[in-house]
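This briefing is intended for a reader who has the sequence and the model at hand.

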Amino acid sequence: MTAMTRIPEKATVDGLDDRWNDAWEAQGLYRFDATKPREAVYSIDTPPPTVSGSLHVGHVFSYTHTDLVARYKRMRGSEVFYPMGWDDNGLPTERRVQNYYGVRCDPSLPYDPDFTPPHAGDTKSIKSADQQPISRRNFIELCETLTAEDEKQFEALWRHLGLSVDWSRTYQTIDDSAQAVAQQAFLRNVERGEAYQAEAPTLWDVTFHTAVAQAELEEKDLPGAYHRLAFKVSDSSGPDGLVHIETTRPELLPACVALVAHPDDERYKPLVGKTVRTPLFEVEVPVVAHHLAEPDKGSGIAMICTFGDITDVTWWRELQLETRPMIGFDGRVLSAPPPGIETDGGKAAYAELAGKTVHSAQQRVVELLRESGDLEGEPEPITHPVKFFEKGDKPLEIVTTRQWYISNGGKDEALRDRLVVRGEELDFIPGFMGVRYDNWVKGLTGDWLISRQRFFGVPLPVWYPLTDAGDVDHDHPIFPAEADLPVDPSSMPAPGFEEAQRGVPGGFVGEADVMDTWATSSLTPQIACQWRDDPDLFARTFPMDLRPQAQDIIRTWLFSTVVRAHLEQDTLPWKHAAISGFILDPDRKKMSKSKGNVVTPMGLLEEHGPDAVRYWAASARLGVDAAFDTGQMKIGRRLAMKVLNASKFALGATGIEAAANVSLADGLRAAAHVVSEPVTETLDLAMLAALADVVDTATEAFEAYDHTRALEVTETFFWTFCDDYLELVKSRAYDGVAPGEAVDAFGTCSPGAASARTALVMALDVFLRLFAPVLPFSTEEVWSWWREGSVHKASWPDSATLRVPGSAQSPGGSPTADPVNFLASAGAALAALRKIKSEAKVSQRTEIASVELLVPEASLASVEAARTDLCSAGRVRMLSVVPVPDTDADGEPATVTTRGAELVPAE
């Protein structure tokens, strides 16, 4: 930074995050420059985390991946647009508010301006029956209060982690701007015929009393049983006039509308076109044929109910069957029997079920079937997949409701084909993740249901007129003008009406439903880039460059965002989609809140430091699951500490430390003077040439969104630099400096010392920039010791600067063909010399009078070239280098060894 930080006597990573976060914020280091043209901008569609409690270590993992890209692109010269949003509307927030405050929403209640909630997070969970009912407005106010507090905690954690977000550009998916964007996009969908309302069978969660979309389903294996039931063929008599079906849901017998068999099944061809009578409820239903019937499943003939599963819906729609609803929105059997149950016996049987839960109704139906003799044998236990709402804990039912939909290719084959092409145009990272998108689009069975029967969400901007008789006219909805957005039909009158006309004949009613949270989140590019409010910013940032996200929401967030951008802007919303893997617990299971195996990250950040936690995250590639591993974080902390300490050595050995501790200006002059000297020594030239190769490899990796490869190659060579090069060059760099004295950067030194010092400064400068995306705090700390500005605004290193004329050549003019192996050979030789002293149990400062170094022929030239530095570093008076074959007697690669060593006796 511009203010100089004195180089500490003992460097530490502790406390760096607080100091540098404050400095970065004060200087607006990551603020977006909105005057830059689109070609200079790199735009990121940051995932807005769901504000419903706390972040877990999986969030830290994936958001670090995004920040690595942002920091790299910024150093490459891009103006990075990196906002942060908060996904604070929807069911997760409502559930948290219910549990935190001990309340539940009852829209029929009036607003209480003086309401005080009975709890404030002082109890873990409160049963629904014990939650205090409050008005919708009171409930929404509590949602807004709690999410505001949660967002502060989220931001604090993200800052602690070192996300280089522009914190002046945040949004909420429930704020006025986001609501206006979501409502405007919806109105345009309506205008183009892409959004419509329909009354149809709907997947329904009986706990939350809301419709559920196909993308929100998950299957769970549950125990069940096949029940073999007897239906009587209506025009037959005697025991042979029976047809048997097998079902896992006998409780749906009252809703049975037909039996279905495959048209090619010879067993049931004679029955097709006839009718059968349902057991217990005595309803005549037809026997029909359809290709989806499975001859080899159960008895080969099935009953169609309205509705037991999605296949029932397909049969009902395509065969144009009757509707006999029997399950209510609360998951209980309706009080009135469905149409068709006319006999006294049928009505009496149904009365036994009315008001019961599905589970209780099933138990009673089975008892009644046993009593009537219509149950053949005992139920056969099975385990089968059952559909759930991904946030629910009870199986879904299918009920008929009026809902709003957006076309997504589920019914329109031409649109589906265009969306498949969009997926092919999108650069998935890794590429195999694109298959998940493709499979999802091609497997869609219906349009996107976007309306939800909840409270804290973006209101659907729709009103309906009431007829003179007071009936709701759904066929002539009333929509607002775009200029009037956002609107809330539950509290604002319809255009052209007064509030007093709400709910009265000839007046209006407001749509009570809100949008599905994905219907808002699908517009994060339009919200973040301010499509509605700032057309100039939108033109500079959209389409965006990157969508980072988790793999399990490709079918929801990613796909729905592609749909909205395709329909509204006729383009992809971004060029690249970076998909993170999952974090696995010690049992190799995915970490998630629902499983209760998550780890909260703040303690990890405080214990290991943010650079260490970021190192763990960066060690995993995109799309690859990674184990939660504190051991890896310890390695990251060790690396960050080594960066500090190796930097201190380099700055001390070059005289920059002494100068910088006087003033920053002196430190800058010292650094400029040091690097003005030429690099002449073979070892130094080889190190810089190897580092140039590292820069090229790391750059290629980052360009391919492979941050792990970039870190691997940088870290591996950094440890070679520290363990081999620094040790080899230490004596030469301090040549001519008396013990205990500081190096004078401006003083006279030998050409060998000058070469070492220049190479040290060049290497340190490059290493800090290579590590900056992963270790932002420790690299910034070192940078501030001797450089102006921030390392995070410095340019990404260029290998050409390390390959100055002659820098990749030995003094004799021969190219150093393999600089990495050159250093490794010299390092292996030094290790062999040190081993002599270790085995003799003497200090490494002990001199060696003479020794023979047995060197494989492939390494001979490298060791000879490094002879002077080897003798200085190993404190060897007389060194003989003896060539040996590259393989030993067993055919294994030979290593550097020693022979005939004589140590100088200690005085």
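**Backbone, aromatic contacts and packing**

Pro-486 is located in the loop between strand S20 (463-465) and strand S21 (508-510). Helices (H or I, at least four residues) and strands (E, at least two) are DSSP runs, numbered from the N terminus. The model is a predicted one, in which local features need pLDDT of at least 70 and side-chain atom pairs count only at pLDDT 80 or more, while totals for chains, interfaces and linings use all residues. Residues are numbered from 1 along each chain as its sequence is written, and side-chain values use heavy atoms, with hydrogens and water left out.

**Cis peptide bonds**

- The bond that leads from Leu-485 into Pro-486 is cis, its omega being near 0 degrees.
- A cis peptide bond also runs from Phe-542 to Pro-543, with omega near -5 degrees.
- Pro-543 belongs to the loop between helix H13 (535-541) and strand S23 (544-550).

- Leu-280 is not a glycine, yet its phi is positive, at about 70 degrees; the residue lies in the loop between strand S12 (275-277) and strand S13 (284-289).
- Leu-280 counts as buried because its relative accessibility is 14%, where buried means under 20% relative accessible area, exposed over 50% and partly exposed in between (1.4 Å probe, protein chains only).
- Asp-570 likewise is a residue other than glycine with a positive phi, near 55 degrees, and its place is the loop between helix H14 (554-569) and strand S24 (574-580).
- With a relative accessible area of 54%, Asp-570 is exposed.

**Aromatic pairs and charges over rings**

- Rings of Phe, Tyr and Trp (its six-membered ring) pair if their centres lie within 6.5 Å; planes under 30 degrees apart count as stacked, over 60 as edge-to-face and the rest as tilted.
- The count by this rule is 33 aromatic pairs.
- Phe-767 and Phe-771 are a stacked pair, because their ring centres are 6.4 Å apart and their planes stand at 20 degrees.
- Both Phe-767 and Phe-771 are in helix H22 (residues 751-771), four residues apart, or about one turn of the helix, and both are buried.
- Trp-783 and Trp-786 make a tilted pair, with 6.5 Å from centre to centre and 55 degrees between the planes.
- These two tryptophans, Trp-783 and Trp-786, lie three residues apart in helix H23 (residues 776-786), about one turn of the helix, and both are buried.
- One aromatic cluster is formed by Phe-717, Phe-718, Trp-719, Phe-721, Tyr-725, Phe-767 and Phe-771.
- A charge sits over a ring if NZ of Lys or CZ of Arg is within 6 Å of the ring centre and within 35 degrees of the ring normal.
- The charged end of Arg-638 is placed over the ring of Trp-719, 4.4 Å from its centre, and Arg-787 lies over the face of Trp-786 at 5.3 Å from the ring centre.

**A three-stranded sheet**

- An open sheet with mixed pairing has its three strands in the order S28-S27-S29; two strands pair if DSSP finds at least two bridges between them.
- Strand S28 (876-884) and strand S29 (897-903) are the edges, each with a single partner strand, so one side of each has no neighbour in the sheet.
- Strand S27 (residues 848-856) and S29 run antiparallel and are joined by five bridges.
- Leu-853 has Thr-898 in S29 as its bridge partner.

**Nonpolar cores**

- A nonpolar core is a set of buried Ala, Val, Leu, Ile, Met, Phe, Trp, Tyr and Cys residues joined through side-chain atoms within 4.5 Å.
- In soluble globular proteins, nonpolar side chains tend to be buried together.
- The largest such core has 102 residues, and those with the most contacts inside it are Phe-721, Tyr-725 and Trp-786.
- Apart from neighbours within four places in sequence, Phe-721 is in contact (heavy atoms within 4.5 Å) with Met-687, Leu-726, Leu-760, Ala-763 and Phe-767.
- A second, separate core has 77 residues, among them Phe-115, Ile-174, Phe-538 and Ile-554.

**A buried histidine**

- His-608 is part of helix H15 (residues 602-608) and counts as buried, at 5% relative accessibility.
- Neighbours within four places in sequence aside, His-608 is in contact with Thr-630, Met-633, Lys-634 and Arg-637.
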